[in-house]
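Let's take a friendly walk through this structure, with an eye on its aromatic rings and one of its helices.

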Amino acid sequence: MDYAIPTGIVLVTGVVLALVAQWRGWRPSLTVTLAIGIGVRVLILVLSAKDSYQPVDFINSFKPAGEAILNHRDPVLGSNGGWHFLPTIPYVYGLLLWLGIPWEISGRLVTVVSDILLIPLVGTLAGGTKARLRAFQYACNPLAILVASVHGQVEPVSLLFGVAAYVVARGPDGWKRGEPLPWRRPRDLLRRLTHPLDEDRAATTRAIWAGLLMGLALCAKSWPVILVPAMLMLLPGVRSRLISLVATGIPPVFFLLTLPIGGWTKWGQLPEVLKTIGLRPSDVRPITGDWGWTAVLNATGLAGPTVGANWVLNPAALKIGQYLIYAAVVACLIWWRKADPIDVTIAILLAFMVVTPRLGAQYLMWFMPFLVARPTRWAWPAIIGSAVWAAVGYLVLTQYEGVAWGELHRPWAVSSVLLFPLLIAAMPWSRRRSEGDGMVRTIPISEPGVPVRVAAGQ
């Protein structure tokens, strides 16, 4: 594990640069930002690829999925059960392996390239005068570097397409709240569908492309389904949202059907494939104890005896946690229903981290592009705290094996609850109503007694 010390130095340097940039108001050019982002990620990729230690799932799950494609086998059912998503990424793995690129590099190449492309997208998502600052801060983000260059987890791929979907759905003129739907008058609602408003017609192309991009995010991993509601909120009307929702389903269906069409899977095996990649509580492997409340239950023995590395297969805890996630998402959609959709996304993802029964350190990257692009008051304490916790797992615990690793793993997992106050504080509590929500208020101007009506936020 020779990469740990130089990687740690790079990560700390990145945090310092990001904070100094915030303090001094730096606005580096995109060229400088990309040069730093590419240089750091490639450096850590090379150090990680040359090291004797490689992440367990990187070797035992991701690589077999790519090899399954090369050997014309199903990457979901024919790779020792290690791949639980659509075959899109294994196709890329298989291509890179076929080109003869060593796995230690090719397996990380997908995620590093995606994370580099995310840098300018985060700036575009932020918009305004601070776009270049936000892009630079994401280029220095320590957790993104760990996930993309060390772990090789495919979160950056999903986030690349997910953030791109948000940018396209919002459009070049920014977001404004759409007209409320006449739910109480079905006849008027039908009229809106068949005779859409002008803004709905103008948004049709955006809706299609945004949906296709979000569908590609779902092709990499299943979790971006949690981003779909807020993406639809960025579109102006019911027609554009329905179109985008339909478009979202096209890429996943396409890549699912490539399995039997390409001969990797028999048609009769598709139900089993769907069950393996499904999101129902009964379909998700019930690994608990690595994070939050299930880690505390596990440490106290309330979840039953531990297995090996201090986690347990607990279907009851998983099912409770899954329903807690659904409840948290609905609660956030209601509480922040008048907020900017990016703030809705931040709230949902941070709430997920608090209630989820299971979590890999890479999950903490989900909210990073959104929170960096539109930071709250407690954003950077939450970002740094999450990065420190993940870095201990990636760089410190990996220095140990067997019993020694297990003894350190339990307190590390339980310590995750220390992040909860930061994650909760980082939620956009003061931004329940967007600045561009169209509300009108009266304020005084220089001449006493003469009011002027202006939109809120101006």
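A residue counts as buried when its relative accessible area is under 20%. Keep in mind that this is a predicted model. Tryptophan 223 has a relative accessible area of 9%, so this residue is buried. Tryptophan 366, at 3% relative accessibility, counts as buried too.

In one of them, the ring centres of phenylalanine 58 and phenylalanine 62 are 6.4 Å apart with planes at 85°, so the pair is edge-to-face. Both residues lie in helix α3, 4 residues apart, about one turn of the helix. An α-helix has 3.6 residues a turn, so residues three or four places apart point the same way. Both phenylalanine 58 and phenylalanine 62 are buried.

Now back to the two tryptophans. The ring centres of tryptophan 223 and tryptophan 366 are 4.2 Å apart and their planes are at 10°, so this pair is stacked. Tryptophan 223 sits in the loop between α11 and α12, and tryptophan 366 in the loop between α17 and α18, so the pair ties together parts that are 143 residues apart in sequence.

Tyr93 leads us to helix α4, where it is one of the buried residues. Of the 11 residues of α4, 8 are buried, so the helix is largely enclosed by the rest of the structure. Its buried residues pack against α3, α5, α8, α11 and α13.

Notes. Residues are numbered from 1 along each chain as its sequence is written. This is a predicted model: local features need pLDDT of at least 70, side-chain atom pairs count only at pLDDT 80 or more; totals for chains, interfaces and linings use all residues. Side-chain values use heavy atoms; hydrogens and water are left out. Buried means under 20% relative accessible area, exposed over 50%, partly exposed in between (1.4 Å probe, protein chains only). Helices (H or I, at least four residues) and strands (E, at least two) are DSSP runs, numbered from the N terminus. Contact means heavy atoms within 4.5 Å. Rings of Phe, Tyr and Trp (its six-membered ring) pair if their centres lie within 6.5 Å; planes under 30 degrees apart count as stacked, over 60 as edge-to-face and the rest as tilted.
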